[in-house]
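This briefing is for a reader new to the structure.

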Amino acid sequence: MKKIHKILIGVIAIFLVGAIVVGVFFDDIFRDTAWFIEKSLTADVKLTISDDKNGETLDGFGTSACWWSQLAGDSEYAEETAKLLYSKEGLGLNIYRYNIGAGSADNPNSAISNPWRKTESFYVFNEETGEYEYDFTKDAAAQRYLDLCLSYGCIDTVVLFANSPHYSMTLNGKTYGNEEWWVSNLPRENYDAYADYLVTIAEYFINKGVPVKYISPINEPNWSWGVESVNQGQEGCFYNSEDIYDVYKAVVKKIKEKNLDVKLTGPESGEIGFRLYEWFEYLYNDEEIRPYLGTLSYHSYWADDSAYNKIALGEWIKENVDEVPVEMSEWCHLPCNSPIDSIDGALLQARVMANDLDFSNVNSWTAWVGVNDTGIGEDGREYSDGLLAANNDFSEYKIAMRYYAVAHFSKFIPVGSVKMTSKKNINDVIKTEEPLEDGTVKTSERYIVNAVSYRTPDGKIVTVIVNEGAQRNITFKVKADSMTVYTTTQESQLEQTYQGDITKIALPEKSITTVVFE
């Protein structure tokens, strides 16, 4: 049956008549829904920017090096791509997520076929002794790439994360799934061994001088990751709630034993909801775990058009776990339906970033991958969810349009900036209801114009504005004397479009704008 989208637009209009503010319900006056849609797409905006005494302090922006750094590190473009991502001339990212691979590249029984997704482990089998031992010469290209990125001086936070325990520790001897759905592939008798494995690898990197702040033992525990014949595309491991808590306690025990200066993050839920609140609350309140809990982290998948869901999460964070920073540690465009050269992908990236930072009250934001391989769609155009896109052997790469979306944030909002309040004078939310095959209805809502503001450590105010509608004007109410404007559209990227006194400016159709107030 053809899916029907019913667009509902909630609009409250405030008209100023002299000094009297009169609230008028549009439904009682205007009956033409198309008129509402048109006005929401084109209405002028007044943005009021003010300090927020409870605003979050930004810990930065980053990306995961998972599944591509081992190719980039061996390519002729290692230095070029590293500079684009982790130097001040590029994005200046300060958070680097290094994947502790589970050894699918070493395991002859692994059914993971994509070479990008096979990982080389530091934990290897010695045929002479018949034992597993550590060999830190492994994953050499990925280590070289990390060292290269570190050399540019922007990285202050390295997160070591694991998608799965090492295959030698799992029930099925593989790095994904299990013989049964919704059963963890890590047996309880191996929790201590897995914890020792994680902490030993962290100790190696720390002794090298790598700024490892966090270990993330568990990644997206809410997915089953398949059985023998299903979903063998990547490493992954299911954990129920009790599993999560006990794994964290096992890692805490090993950190104590080694007296290691590192903390934990997680549990990296694959979506907002699905026990995320329960997991956060438990880790936050547990007396054993809390002293070693550096951040709480989650992934923002499947909520791109769920503004209210993100608002609810942000309010809950403020009320329940506000003393521990919260990271949005992984997101990419799923399904990836925007070509790498389309402004639509950049707009979605920027909107998700603005909403996670502003609505969900996170302290940092990390993209899933800095680079991903490309695929050719039915339209003949290239698709990839990375900030950069490379071909399979990394002999070519391109800058994706979404790279510039991240740049609008990371190049202008430094670590230590404090989030401010940004209020619009219009309610431009668009709601959709979509009947699903199971008989339920999926309700979504998003704003046409999204904005987030920060006060930087040197006293500037930086506002990022995402306009997914037609061209419109915007004015600002802000305590500042001048402003510089940078704009990205389909035609031009990060172009300085204005510098001078504070004034009304035009937000081009489908554009991202960064305004720096001084």
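In the contact between helix α7 and helix α8, Leu-276, Tyr-277, Phe-280, Glu-281 and Tyr-284 of α7 meet Asn-309, Ala-312, Leu-313, Trp-316 and Asn-320 of α8, contact meaning heavy atoms within 4.5 Å. Seven of the residues in this contact are nonpolar, two polar and one charged; Ala, Val, Leu, Ile, Met, Phe, Trp, Tyr, Cys and Pro count as nonpolar, Asp, Glu, Lys and Arg as charged, and the others, Gly among them, as polar. The model is predicted, with local features needing pLDDT of at least 70 and side-chain atom pairs counting only at pLDDT 80 or more, while totals for chains, interfaces and linings use all residues. Residues are numbered from 1 along each chain as its sequence is written, and side-chain values use heavy atoms, with hydrogens and water left out.

**Helix packing**
- Helices (H or I, at least four residues) and strands (E, at least two) are DSSP runs, numbered from the N terminus.
- Helix α7 (residues 276–285) packs against helix α8 (residues 307–320) at an angle of about 20 degrees, with the axes 12 Å apart.
- That angle makes α7 roughly parallel to α8, a label for angles under 35 degrees.

**Aromatic pairs**
- Rings of Phe, Tyr and Trp (its six-membered ring) pair if their centres lie within 6.5 Å; planes under 30 degrees apart count as stacked, over 60 as edge-to-face and the rest as tilted.
- The count by this rule is 28 aromatic pairs.
- Tyr-132 and Tyr-167 form an edge-to-face pair, 6.3 Å centre to centre with 80 degrees between the planes.
- This pair links distant parts of the chain, with Tyr-132 in strand β8 (residues 131–134) and Tyr-167 in the loop between β9 (157–161) and α5 (191–208), 35 residues apart.
- Tyr-132 is partly exposed at 29% relative accessible area, whereas Tyr-167 is buried at 11%; buried means under 20%, exposed over 50% and partly exposed in between (1.4 Å probe, protein chains only).
- Tyr-245 and Tyr-282 have ring centres 3.5 Å apart and planes at 10 degrees, so this pair is stacked.
- Tyr-245 lies in helix α6 (residues 241–258) and Tyr-282 in helix α7, 37 residues apart.

**Backbone sites**
- Gly-266 and Pro-267 are joined by a cis peptide bond with omega of about 5 degrees, and Pro-267 lies in strand β12 (residues 267–269).
- Another cis peptide bond, with omega of about -10 degrees, joins Leu-334 and Pro-335.
- Phe-394 is not a glycine but has a positive phi of about 60 degrees, and Phe-394 is buried at 2% relative accessible area.

Methods:
Axes fitted to C-alpha atoms, helices over the stretch in contact; angles between N-to-C directions. Parallel < 35°, antiparallel > 145°, perpendicular 65-115°, else oblique.
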